[in-house]
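User: I am new to protein structures and would like to learn how to read one, feature by feature. Could you take me through this one slowly?

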Amino acid sequence: MERERNQILYLVIPCYNEQEVLPETSKRLKEKMESLMEREMISRESKIMFVNDGSKDRTWELIEELHAGDPIFQGVKLSRNCGHQNALLGGLMTAKEYADMVISLDADLQDDIDVIDQFVEKYYEGCEIVYGVRSARTTDTFFKRFTAEGFYKLINFMGGEVVFNHADYRLMSKRALDELQGYKEVNLFLRGIVPMIGFQTDVVTYERHERFAGESKYPMKKMLGLAADGITSLSTKPIRFIMLTGALIFFCSIVMLIYSLVQHFLGNTSVGWTSLIVSIWALGGLQLLAIGIIGEYIGKIYLETKERPKYIIEKVLR
């Protein structure tokens, strides 16, 4: 069912130490929003909301200056650094109280803002969620492309439902955001949670640009942490793999026991130093890996039972 046009759009942009990109980012986003308003695609009450995730530089000061200079800019200040996913969720939950639709994107504008028009059109066509999907990874190094695509394939193989080559560039309607609020888990992986909501969805493809200033806030360490959170938050398959591997090793041990007895009665006994050492190391490594995976799940259960707030909003500029 098609919707009435000229509805309120909020852009939600998590920021962590983004003082180098904010001046140019705010300029480009304002131009895009004004263009949409002039064509009556969105309401003039639409806003750009920056979420300061405990930045240590002048990010919040710049957001305050932008807000003082133009009411189209809004600001949300978290009490401390809560991480990208929590900062994004805090912005989405704040914006949904005022907006009909919300688009989340990164502050560096590597995601092509020219496709925002397509997001909005698909929303008016009846979509509750629209995913921004990269059409190619030509700007990535081979290593980054290989690991990123492998990550999406691994998540899906492990039982998690994620959109291939989609990060956090998406449109969500107020209805979809209301449903998202019902997901209470502390260990957030929005790329996996949002597809669980359902409703009518669609995809917009785009080419990702180079970062025009500053440094990436997602080094390899954080990317690996996000991957681990994604797998353990969406699936229990790693624990099942441990069980299956254990069963396989037990079967192999029975076979080796029978083989050893046969060789013993045939008189073909030998020292077997190499096989013994290899077996000890293999089983020891497997046990440590199994304990680590199970410990990861137990740790997440521990954090979930505390029901601590995912973020605390210190100040909102409206």
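Analyst: Let us begin with a term that we shall need at once: two residues are said to be in contact when heavy atoms of theirs lie within 4.5 Å. Please also keep in mind that this is a predicted model.

User: Which residues does Ile239 touch, leaving aside residues up to four places away in sequence?

Analyst: With those neighbours not counted, Ile239 touches Ile293 and Tyr297. Ile239 belongs to helix α9, which covers residues 237-266, and although 54 residues separate Ile239 from Ile293 in sequence, their C-alpha atoms are 7.2 Å apart in space. For the chain, residues 24 or more positions apart account for 84% of the contacts that have a separation of 6 or more.

User: Is Ile239 buried, exposed or partly exposed?

Analyst: The word "buried" is kept for a relative accessible area under 20% and "exposed" for one over 50%, with "partly exposed" in between. Ile239 has a value of 33%, and therefore it is partly exposed. By contrast, Asn165, in the loop between α5 and β6, counts as buried because its relative accessibility is 6%. In the chain of 318 residues, 43% count as buried.

User: How many helices and strands are there in the chain, and in what order do the strands of the sheet lie?

Analyst: The chain has 10 helices and 8 strands. Strands of a sheet pair through backbone hydrogen bonds, and the pairing can be parallel or antiparallel. Here an open sheet of 8 strands runs in the order β7-β5-β6-β4-β1-β2-β3-β8, and its pairing is mixed. The edges are taken by β7 (201-206) and β8 (313-317), each of which has a single partner strand, so that one side of each is left without a neighbour in the sheet. On average, and with direction ignored, neighbouring strands of this sheet are turned by 20° against each other.

User: What do individual pairings look like, for instance that of β1 with β4?

Analyst: Strand β1 (residues 9-15) and strand β4 (residues 101-104) are paired in the parallel sense over 4 bridges, and one can follow this at Val12, whose bridge partner in β4 is Ser104. The pairing of β2 with β3 is also in the parallel sense, over 5 bridges, with Gln74 in β3 as the bridge partner of Met49. Of the 6 residues of β3, 5 are buried, so this strand is largely enclosed by the rest of the structure.

User: How should I describe two helices that pack together?

Analyst: Two packed helices are described by the angle between their axes and by the distance between those axes. In this model, the axes of α1 (residues 22-38) and α2 (residues 59-69) come within 11 Å and cross at roughly 35°, and the crossing is right-handed. The residues that meet are Leu22, Pro23 and Ser26 in α1 with Thr59, Leu62, Ile63 and Leu66 in α2, and this contact divides into 5 nonpolar, 2 polar and no charged residues.

User: Which residues of α2 are buried, and why do they lie on the same side of the helix?

Analyst: An α-helix has 3.6 residues a turn, so residues three or four places apart point the same way. In α2 the buried residues are Thr59, Trp60, Leu62, Ile63 and Leu66, and because they cover an arc of only 160° around the axis, they are placed on the same side of α2. Ala68 and Gly69, on the other side of α2, are exposed. The cover over the buried residues of α2 includes β1, α1, β2, β3 and β8.

User: Where is Leu109, and what is its phi?

Analyst: Most residues other than glycine have a negative phi. Leu109, in the loop between β4 and α4, has instead a positive phi, near 55°, and it is buried, with a relative accessible area of 5%. Asn6, in the segment before β1, also has a positive phi, near 65°, but it counts as partly exposed because its relative accessibility is 40%. A glycine with a positive phi, near 85°, is Gly198, which follows α7. Helix α7 (residues 190-197) is itself mostly covered, with 7 of its 8 residues buried.

Notes. Residues are numbered from 1 along each chain as its sequence is written. This is a predicted model: local features need pLDDT of at least 70, side-chain atom pairs count only at pLDDT 80 or more; totals for chains, interfaces and linings use all residues. Side-chain values use heavy atoms; hydrogens and water are left out. Axes are lines fitted to C-alpha atoms, for helices over the stretch in contact, and angles run from 0 to 180 degrees between N-to-C directions. Helices (H or I, at least four residues) and strands (E, at least two) are DSSP runs, numbered from the N terminus. A crossing is left-handed if the near helix is turned anticlockwise from the far one by less than a right angle, and right-handed if clockwise. Ala, Val, Leu, Ile, Met, Phe, Trp, Tyr, Cys and Pro count as nonpolar, Asp, Glu, Lys and Arg as charged, and the others, Gly among them, as polar. Two strands pair if DSSP finds at least two bridges between them. Buried means under 20% relative accessible area, exposed over 50%, partly exposed in between (1.4 Å probe, protein chains only). The arc is that of the directions from the helix axis to the C-beta atoms.
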